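I opened this structure today and looked up a few points in turn. My notes follow.

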Amino acid sequence: MEKKLTFEEAMARLDEIVIALERGDAPLEQSLTLFEEGTALIKSCGKLLDTAEQKVVKLRKGDDGEPVESLFDVE
């Protein structure tokens, strides 16, 4: 079973992947594997950020009927 990375761990690994790919000295197969891993990490980080944002912000209807963001109250 693979350990689920925290956002910070995923970003650090993504940084390592970018550096390795920018060097350009990895064989093609390894570069493709790194690219695929990086793409998966970007997707995972995006989901984590979306989840965090949903916990912090909620939408409510303003006086004019348009959505207004407000802080999320946990009650």
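I began with Asp25 and Arg23, and found both exposed. Their side chains meet in a salt bridge, with 3.5 Å from N to O. I keep in mind that this is a predicted model.

Next I looked at what lies between those two residues. Gly24 follows helix H1, and its phi is positive, near 75°.

**Salt bridges**

How many salt bridges does a search of the whole structure find? I got 3. The pair of Asp25 and Arg23 is one of them.

I then turned to Arg13. Glu16 forms a salt bridge with Arg13, and their closest N and O atoms are 3.0 Å apart. I placed both residues in helix H1, 3 residues apart, which is about one turn of the helix. I recalled the general rule here: an α-helix has 3.6 residues a turn, so residues three or four places apart point the same way.

Glu37 also forms a salt bridge with Arg13, and here the closest N and O atoms are 2.8 Å apart. This pair links distant parts of the chain, since Glu37 sits in helix H2 and Arg13 in helix H1, 24 residues apart.

Arg13 has 26%, so I put it down as partly exposed. Glu16 is at 46% relative accessibility and therefore counts as partly exposed. Glu37 is partly exposed because its relative accessibility is 31%.

**Helix H1**

I went over the helix from end to end. H1 has 17 residues. From its first C-alpha to its last it reaches 25 Å, close to the 24 Å expected at 1.5 Å a residue.

Which residues of H1 are buried? I listed Ala10, Leu14, Ile17 and Ala20. They lie on the same side of H1, because they cover an arc of only 125° around the axis. On the other side of H1, I found Glu8, Glu22 and Arg23 exposed.

**The core**

I then looked up the largest nonpolar core. It has 7 residues: Ala10, Leu14, Ile17, Ala20, Leu34, Leu41 and Cys45. Two elements give two or more residues to this core, helix H1 (7-23) and helix H2 (28-56). H1 gives the most, with 4 residues.

What is Leu14 in contact with, leaving aside its neighbours within four places in sequence? I found Gly38, Leu41 and Ile42. Leu41 belongs to the core as well.

**Ser31**

My last entry is on Ser31, which lies in helix H2. Is Ser31 buried or exposed? Buried means under 20% relative accessible area. Ser31 is at 19% relative accessibility, so I count it as buried. Leaving aside neighbours within four places in sequence, I found Ser31 in contact with Leu21 and Ala26.

Note on methods
Residues numbered from 1 in each chain as written. Predicted model: local features only at pLDDT ≥ 70, side-chain atom pairs only at ≥ 80, totals over all residues. Heavy atoms only, no water. Core = buried A, V, L, I, M, F, W, Y, C linked by side-chain atoms within 4.5 Å. Buried < 20%, exposed > 50% of the residue type's maximum accessible area, 1.4 Å probe, protein only. Contact = heavy atoms within 4.5 Å. Expected span 1.5 Å × (residues − 1). Arc of directions from axis to C-beta. Salt bridge = Lys/Arg side-chain N within 4 Å of Asp/Glu carboxyl O.
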